[in-house]
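Reader: I have a model open and would like to go through it with you. Can we start with the side chains and work outwards?

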Amino acid sequence: MNAYEIIKKPILSEKCYSGIATKRYGFVVDFRADKTEIKKAVEQIFGVKVRKVNTANVRGKLKRQGKTQGYTSKYKKAYVQLARGSKAIEFFESLG
């Protein structure tokens with residue numbers, strides 16, 4: 001898999017905003033990617049050194065409107081902790 005296929009988009013939530021100061025960032029990743037693939041993809045795309053990767057599978061939530069109901073899409077998210085000597089990711093620094 002290509003690095004740009006693994007990392008789909010950044011997560012811009014309150015939890016991720018609080019992690020910017022400690023160089024902890026959140027990404028939506030491909031469902032089939034494992035932690036080592038995610039680590040290599042982040043290092044390749046952003047040119048940083050990754051210390052730790054935590055992943056979570058998010059199930060789709062039930063949404064209803066009138067008589068019809070369905071589920072939102074499921075996805076996988078990864079929280080990436082950078083190493084101490086590593087530079088910060090510039091995209092997130094402009095948000096914090």
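Reader: Where does the charged end of Lys 15 sit?
Author: The charged end of Lys 15 lies over the ring of Tyr 79, 4.7 Å from the ring centre. The rule for a charge over a ring is that NZ of Lys or CZ of Arg is within 6 Å of the ring centre and within 35 degrees of the ring normal.

Reader: What sort of model is this, and how are residues numbered?
Author: The model is predicted, so local features need pLDDT of at least 70 and side-chain atom pairs count only at pLDDT 80 or more, while totals for chains, interfaces and linings use all residues. Residues are numbered from 1 along each chain as its sequence is written, and side-chain values use heavy atoms, with hydrogens and water left out.

Reader: Back to rings. How many aromatic pairs are there?
Author: The count comes to four aromatic pairs. In the pair of Phe 91 and Phe 92, the ring centres are 5.3 Å apart and the planes stand at 80°, so this pair is edge-to-face. Rings of Phe, Tyr and Trp (its six-membered ring) pair if their centres lie within 6.5 Å; planes under 30 degrees apart are stacked, over 60 edge-to-face, and the rest tilted.

Reader: Which residues do the ring pairs link into a cluster?
Author: Tyr 25, Phe 27, Phe 46, Phe 91 and Phe 92 are linked into a cluster by ring pairs.

Reader: Is Phe 92 buried or exposed?
Author: Phe 92 is buried, at 2% relative accessible area. Phe 91 is partly exposed, at 41%. Buried means under 20% relative accessible area, exposed over 50%, and partly exposed in between (1.4 Å probe, protein chains only).

Reader: Which residues form the nonpolar patch on the surface?
Author: Phe 91 is in it, together with Leu 12, Tyr 17 and Leu 95, and the four have about 370 Å² of accessible area together. Leu 95 is in the segment after α4 (90-93) and is partly exposed, with a relative accessible area of 35%. Patches are made of residues with over 30% relative accessible area and no salt bridge; like charges are joined within 9 Å, and nonpolar side chains (Val, Leu, Ile, Met, Phe, Trp, Tyr) within 5 Å. Accessible areas come from the Shrake-Rupley method with a 1.4 Å probe, and for residues only the protein chains shown count as cover.

Reader: How many salt bridges, then?
Author: The count is one salt bridge, where the side chains of Arg 32 and Asp 30 meet at 3.1 Å, N to O. The rule asks for a side-chain nitrogen of Lys or Arg within 4 Å of a carboxyl oxygen of Asp or Glu.

Reader: Which side of that is buried?
Author: Asp 30 is buried, at 8% relative accessibility, whereas Arg 32 is exposed, at 65%.

Reader: Changing topic. How many helices and strands does the chain have?
Author: The chain has four helices and six strands, in the pattern α-β-α-β-α-β-β-β-β-α along the sequence. Helices (H or I, at least four residues) and strands (E, at least two) are DSSP runs, numbered from the N terminus.

Reader: And the loop between α2 and β2, what is in there?
Author: Lys 23 is there, between α2 (14-19) and β2 (24-29). Its phi is near 60°, a positive value in a residue other than glycine. Lys 23 is partly exposed, with a relative accessible area of 22%. Ile 20 is in that loop as well, and Ile 20 is buried at 6% relative accessibility.

Reader: What does Gly 60 touch?
Author: Leaving out residues up to four places away in sequence, Gly 60 touches Tyr 71, Thr 72, Ser 73 and Lys 74. Contact means heavy atoms within 4.5 Å. Gly 60 is in the loop between β3 (50-58) and β4 (62-65).

Reader: And Lys 77, where does that lie?
Author: Lys 77 is in strand β6 (residues 75-82). With the same exclusion of residues up to four places away, its contacts include Ile 11, Phe 27 and Asn 54.

Reader: Last one: how much of the chain is buried?
Author: Of its 96 residues, 32% count as buried. The chain exposes about 6,700 Å², with carbon and sulfur atoms supplying 48% of that.
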